[in-house]
Amino acid sequence: MRILFAEDDRQLRASVIRGLREASYVVDAASTGTQAGTLAAANEYDAIILDVLLPGRSGLDVCAEIRQRGSRVPILMLTALDAIEHRIAGLDAGADDYLVKPFDFGELMARLRALTRRGTDARDQIQVGDLIIDVSQHTVRRGRREIALTAKEFAFLLCLARNMGRVVSRAELMASVWDDANSYSNIIDVYASRLRRKIDEGEKTPLFTTLRGVGFILRGPGEKVSRRVEHSRAAHK
């Protein structure tokens, strides 16, 4: 899962990011409200954690802007302000929950899990052919066969599934799954090989495709490659 975490306290930010990454979350970090707003507008997140008192723009402003765009992403507000009016302001801005500082990291994780389970929109289950990915339960099934995946394999597959029908580049995968800008790492090929074997081995119809020099694509039977993919392929001929 990919999380946006906005907090201006450097020490707290580093500590929470470390804990989230150890729990296999991919984390984008922001230290100002302006950075948080830019990242939230440019990327799709499974959850967003916003400090209320961010420099530049407040977390309340960023939260309200996200909701004005129609996004239903779960938002957790962090605040050192325990007054009831500040809690009300956060909920009125569109936040789903709030946590008062100082907080225990275990409680933060529990609230985050609750928020990401709570959503009931279409992103909770993605189907590609007979492959069913349950986002909230972290389970994958193809037909009657249950597929066991590691956390990173699941994140890799989910990135492809959310971009179903188009090529996902190596750079996109490294940024989304490994939080790394190095698109030349052979770790992508290792995980791609594992996923292809787990998803397609023994099946009549392959769903996982590697386009050498371009990226990877997950598509159902008979589904055409999008124009964006064709352009990418042509550029690498």
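## Exercises on a predicted chain

Of the 237 residues in the protein chain, 43% count as buried (under 20% relative accessible area; exposed is over 50%, partly exposed in between, with a 1.4 Å probe and protein chains only). This is a predicted model, where local features need pLDDT of at least 70 and side-chain atom pairs count only at pLDDT 80 or more, while totals for chains, interfaces and linings use all residues. Residues are numbered from 1 along each chain as its sequence is written, and side-chain values use heavy atoms, with hydrogens and water left out.

**Exercise 1. Work out the strand order of the open sheet and find what packs on it.**

Step 1. Get the order. Five strands make up the open sheet, running 2-1-3-4-5 with parallel pairing. Strands here are DSSP runs of E, at least two residues; helices are runs of H or I, at least four; both are numbered from the N terminus. Two strands pair if DSSP finds at least two bridges between them.

Step 2. Find the edges. Strand 2 (26–30) and strand 5 (97–100) each pair on one side only, which is what you'd look for in edge strands.

Step 3. Check the twist: on average 20 degrees from one strand to the next. Angles run from 0 to 180 degrees between N-to-C directions, and axes are lines fitted to C-alpha atoms, for helices over the stretch in contact.

Step 4. Helix 1 (residues 10–22) touches strand 1 (2–6) and strand 2, and its direction makes about 165 degrees with that of strand 2. Helix 3 (residues 59–68) packs against strand 3 and strand 4, at about 170 degrees to the direction of strand 4. Contact means heavy atoms within 4.5 Å.

**Exercise 2. Decide which residues of helix 3 are buried, and what covers them.**

Step 1. List them: Gly59, Val62, Cys63 and Ile66 are buried.

Step 2. Look down the axis. These residues span an arc of only 100 degrees around it, so they sit on the same side of helix 3. The arc is taken over the directions from the helix axis to the C-beta atoms. As background, an α-helix has 3.6 residues a turn, so residues three or four places apart point the same way.

Step 3. Identify the cover, which includes helix 2 (33–42), strand 3 and strand 4.

Step 4. See what comes next: helix 3 is followed by Gly70, with a positive phi near 90 degrees.

**Exercise 3. Describe how helix 6 and helix 8 pack.**

Step 1. Take the geometry. Helix 6 (residues 151–161) and helix 8 (residues 187–200) meet at an angle of about 80 degrees, with axes 10 Å apart.

Step 2. Classify it. That angle makes helix 6 roughly perpendicular to helix 8 (65 to 115 degrees; under 35 is roughly parallel, over 145 roughly antiparallel, and the rest oblique).

Step 3. Pick out the contact residues. Helix 6 supplies Lys152, Glu153, Phe156 and Leu157, while those from helix 8 include Ile188, Tyr191 and Leu195.

**Exercise 4. Find the cis peptide bond and the hairpin.**

Step 1. Go to Lys101 and Pro102: a cis peptide bond joins them, with omega about -10 degrees. Pro102 lies in the loop between strand 5 and helix 5 (105–118).

Step 2. Move on to strand 11 (residues 208–211) and strand 12 (residues 215–218), which pair in the antiparallel sense over four bridges. Phe208 stands opposite Leu218.

Step 3. Inspect the turn. Three residues separate the two strands of this hairpin, and Gly213 in the turn has a positive phi of about 80 degrees.
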